Amino acid sequence: MITVYHNPRCSKSREALALVEGSPAGHDLQIIEYLKTPPTLADLKRLHQLLGVPVREMIRSNETEFAELGLADTALSDDKLLAAVAKHPKLLQRPIVVNGNKAVIARPPELVSGVL
């Protein structure tokens with residue numbers, strides 16, 4: 001099962017989804033439009049573990065909520081950052097593609113090949 005955390009309004013997200021759908025492996029596919037169905041805090045913690053990147057790499061720092069919530073403060077813990085993303089899913093970097101115990105932020109979209 002491949003899961004794509006997807007925003008259909010984002011060109012990079014659409015490109016990554018097309019690469020997954022066009023992959024020859026024929027995987028079952030779950031598409032989560034995370035703005036309509038936001039990930040829980042537990043989901044985000046699992047994604048963080050699977051991605052193996054700093055939490056800040058999971059966050060879109062160019063969103064207005066990032067500044068409004070003071071998320072640039074380097075003293076904030078990972079838990080506080082993830083809690084902010086859980087409350088404001090627009091902050092989640094996209095797309096994120098998960099395949100089993102591997103995940104990648106597919107920016108650029110070609111990075112999706114690393115989990116297929």
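Strand 1 (residues 2–6) is largely enclosed by the rest of the structure, because five of its five residues are buried (under 20% relative accessible area, with a 1.4 Å probe and protein chains only). This is a predicted model, in which local features need pLDDT of at least 70, side-chain atom pairs count only at pLDDT 80 or more, and totals for chains, interfaces and linings use all residues. Residues are numbered from 1 along each chain as its sequence is written, and side-chain values use heavy atoms, leaving out hydrogens and water. Strands are DSSP runs of E with at least two residues, helices are runs of H or I with at least four, and both are numbered from the N terminus.

In a regular strand the side chains alternate between the two faces of the sheet. Here Ile 2, Val 4 and His 6 point one way from strand 1. Thr 3 and Tyr 5 point the other way.

Strand 1 pairs with two strands (pairing takes at least two DSSP bridges). Strand 2 (residues 29–33) runs parallel to strand 1, joined by five bridges. Strand 3 (residues 96–99) runs antiparallel to strand 1, with four bridges. Val 4 has Ile 31 as its bridge partner in strand 2 and Val 97 in strand 3.

Now the helices. The axes of helix 2 (residues 41–51) and helix 4 (residues 78–87) come within 9 Å and cross at roughly 125°. Helix 2 is therefore oblique to helix 4 (angles under 35 degrees count as roughly parallel, over 145 as roughly antiparallel, 65 to 115 as roughly perpendicular and the rest as oblique).

How values were computed. Axes fitted to C-alpha atoms, helices over the stretch in contact; angles between N-to-C directions. Buried < 20%, exposed > 50% of the residue type's maximum accessible area, 1.4 Å probe, protein only.
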